[in-house]
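This report describes how one protein chain is put together. The sequence and the structure come first, and the description follows.

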Amino acid sequence: MTVIRRATPEDLPELAEMVREFYAVDGHVHDGAVVAEALGPLLRDDLFGQVWMFDSGYAVVTWGYSIESGGRHALLDELYVRSRGTGVGGRVIEEVYEHCAGLGIPRMMLETERHNDRARRFYARHSFVEEDSVWFSRGDSLGHVEPTAVD
């Protein structure tokens, strides 16, 4: 059985390696210093969100607020599973969602890359519904690179 637990500051080295793997697979530019700085507050306390680890990956949930969404919501910012197709990702989503609901946060949102049909099918199987909204961003961005295989 997969043990899903909250990550701590002591998990940063292992977590940073998994983030590097995920970014290579998903085609994101990786900057270790930026990743470590962004993870720091999430590992210290719950002000901005939470990081969850399990034997084959991690999940990052951050807090958002939207009037349209009815107030505070959870954003599943990253989910990485090394051993896909084992059911672990679905179990992680369910446990993290239930934890958030227990905190009074009944809605979880996420975003995926347009090209990632596999991820969209996965999330749809786990009760996420695609919305018509399109996200825009402004400001510094680490960019996007073509996905590569991880050894």
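Which residue in strand 4 stands opposite Ser 66? That residue is Gly 71. Before going further, note that this is a predicted model, in which local features need pLDDT of at least 70 and side-chain atom pairs count only at pLDDT 80 or more, while totals for chains, interfaces and linings use all residues. Residues are numbered from 1 along each chain as its sequence is written, and side-chain values use heavy atoms, with hydrogens and water left out.

**The sheet**

Helices (H or I, at least four residues) and strands (E, at least two) are DSSP runs, numbered from the N terminus. An open sheet is formed by 5 strands in the order 1-2-3-4-5, with mixed pairing. Strand 1 (5–6) and strand 5 are the edge strands, each pairing on one side only. Two strands pair if DSSP finds at least two bridges between them.

The table lists two of the pairings.

| Strands | Sense | Bridges |
|---|---|---|
| Strand 3 and strand 4 | antiparallel | 10 bridges |
| Strand 4 and strand 5 | parallel | 3 bridges |

Strand 3 and strand 4 form a hairpin with 4 residues between them. In the turn, Gly 70 has a positive phi of about 90 degrees. On the other pairing, Leu 76 stands opposite Leu 110 in strand 5, and Leu 75 has Met 109 of strand 5 as its bridge partner.

Buried means under 20% relative accessible area, exposed over 50%, and partly exposed in between (1.4 Å probe, protein chains only).

Axes are lines fitted to C-alpha atoms, for helices over the stretch in contact, and angles run from 0 to 180 degrees between N-to-C directions. Contact means heavy atoms within 4.5 Å. Helix 2 (residues 32–44) lies across strand 2 and strand 3, and runs at about 90 degrees to strand 2. Helix 3 lies across strand 1, strand 2, strand 3, strand 4 and strand 5, at about 160 degrees to strand 4.

**The cores**

A nonpolar core is a set of buried Ala, Val, Leu, Ile, Met, Phe, Trp, Tyr and Cys residues joined through side-chain atoms within 4.5 Å. The largest nonpolar core has 22 residues, of which Val 61, Leu 76, Leu 79, Val 92, Cys 100, Met 108 and Tyr 123 touch the most other members. Two or more residues each come from strand 2 (49–54), strand 3 (57–66), strand 4 (71–81), helix 3 (88–102), strand 5 (108–110) and helix 4 (117–125). Helix 3 gives the most, with 5 residues. Another core lies apart from this one; it has 15 residues, among them Ala 7, Val 19, Leu 42 and Tyr 80.

Leu 79 belongs to strand 4, and its 12% relative accessibility counts as buried. Leaving aside neighbours within four places in sequence, Leu 79 is in contact with residues including Phe 22, Phe 54, Val 92, Phe 122 and Tyr 123. Val 92, not counting residues up to four places away in sequence, touches Ile 4, Phe 54, Ala 59 and Leu 79.

**Aromatic pairs**

Rings of Phe, Tyr and Trp (its six-membered ring) pair if their centres lie within 6.5 Å; planes under 30 degrees apart count as stacked, over 60 as edge-to-face and the rest as tilted. The structure holds 6 aromatic pairs. One of them joins Phe 22 and Tyr 80, a tilted pair with 5.7 Å centre to centre and 45 degrees between the planes. Phe 22 lies in helix 1 (residues 12–26) and Tyr 80 in strand 4, so the pair ties together parts that are 58 residues apart in sequence. Phe 22 and Tyr 80 are both buried. Ring pairs also link Phe 22, Tyr 23, Tyr 58 and Tyr 80 into a cluster.

**Helix 4 and what follows**

Ala 119, Phe 122 and Tyr 123 are buried in helix 4. Seen down the helix axis, the buried residues of helix 4 fall within an arc of 95 degrees (taken from the directions from the axis to the C-beta atoms), so they line one face of the helix. Strand 4, helix 3 and strand 5 are among what covers them.

Ser 127 is found in the segment after helix 4. Although Ser 127 is not a glycine, its phi is positive, about 75 degrees. With 65% relative accessibility, Ser 127 counts as exposed.
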